[in-house]
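Hello,

Here is the structure you asked to look at. Please open it next to this email and follow along.

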Amino acid sequence: MDGERRPTAVEQADQKITSEVNNERDSWPVRLIGAASEIGDQPQMRMICAATVAVGIAQRDAYLAGAGVRMLAAHTLATWAKSRIKAVINRRRPKDGDDPRVRQGDSDRHEENSFPSGHSAGAVAVGEAIARAYPGHAVFARGAALSVSVVQVPRGTHYAGDVLAGIAIGLIAERVSNAAIDSAVQWAERGFAKRQRGISDDGATPVIRRAVALSSPRIQQNGEDVGSSQPAPDSPEFIALAHP
């Protein structure tokens, strides 16, 4: 074990928990489940999100397409967050050396990027987005995401602490991205509603009233201008016209 610092008690406990299960990483059940868990890797997850959007558009199902967008947004934020952490933290993967220390560093080598688990972060973010959009499938979505996460420990690709950190990132990313999308949708709906009304809430109404009054045909009686053919700007008739 290189370096000066000895593992902390938490790191030692993490190593002990992990070592008790990853000795079976070469058994066929773990290898089979581990291979299936690769669906949680970044390219596969993004393909699933994009396919959901595409199917929603093809079927003219706005709700499904919107769910796909939220899945993609949650995964993107989770991926960004875990990548920022990996860029400044080094931790050797269990199968690549007996060193559970979490260290400051900028290595981009795969064997040094154990913390946090990207599979866990991405799978949980997408699973939570599916569960939010389709509560009837929440158990399946969350169960699949948890399975992808947990199996990383017996595979020897991550310590238990890496997986827990990845799960936390996925949960937070989904909630933050969902709140941001909701805010953007509400802002767009308010703007669209104002455009549909053709007036703003404050200063546009007097302008509209004045423009209508000036553009209205004038009434002539005995050669004299006696007023407009439109209701007066302050009359109940005009107010009803300006505010349907």
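This is a predicted model: local features need pLDDT of at least 70, side-chain atom pairs count only at pLDDT 80 or more; totals for chains, interfaces and linings use all residues.

The largest nonpolar core has 8 residues: Ala123, Val124, Ala145, Val148, Val153, Ala160, Val163 and Ile167. At least two of its residues come from each of helix 5 (118–133), helix 6 (138–150) and helix 8 (160–197). Helix 8 gives the largest share, with 3 residues. There is also a second, separate core of 6 residues, and among them are Ala78, Ala125, Ile169 and Ala173.

One member of the largest core, Ala160, touches Asp14, Ile17, Thr18 and Val153, if residues up to four places away in sequence are not counted.

Helix 5 has 16 residues. From its first C-alpha to its last, helix 5 reaches 23 Å, close to the 22 Å expected at 1.5 Å a residue. Of its 16 residues, 14 are buried, so helix 5 is largely enclosed by the rest of the structure.

The histidine is His158, in the loop between helix 7 (152–155) and helix 8. Is it buried or exposed? The relative accessible area of His158 is 3%, and buried means under 20%, so His158 is buried.

Two polar partners of the His158 side chain can be picked out. The side chain of Arg93 makes a polar contact with it at 3.3 Å. The backbone oxygen of Ser114 lies 2.7 Å from a polar atom of the His158 side chain. Leaving aside neighbours within four places in sequence, His158 is also in contact with other residues, including Thr18, Lys86, Pro94, Asn113 and Val163.

Regards

Note on methods: Residues are numbered from 1 along each chain as its sequence is written. Side-chain values use heavy atoms; hydrogens and water are left out. A nonpolar core is a set of buried Ala, Val, Leu, Ile, Met, Phe, Trp, Tyr and Cys residues joined through side-chain atoms within 4.5 Å. Buried means under 20% relative accessible area, exposed over 50%, partly exposed in between (1.4 Å probe, protein chains only). Helices (H or I, at least four residues) and strands (E, at least two) are DSSP runs, numbered from the N terminus. Contact means heavy atoms within 4.5 Å. The expected span of a helix is 1.5 Å times one less than its number of residues. A polar contact is a pair of N or O atoms within 3.5 Å; within protein, one must be able to donate a hydrogen and the other to accept it, and residues adjacent in sequence count only if both atoms are side-chain atoms.
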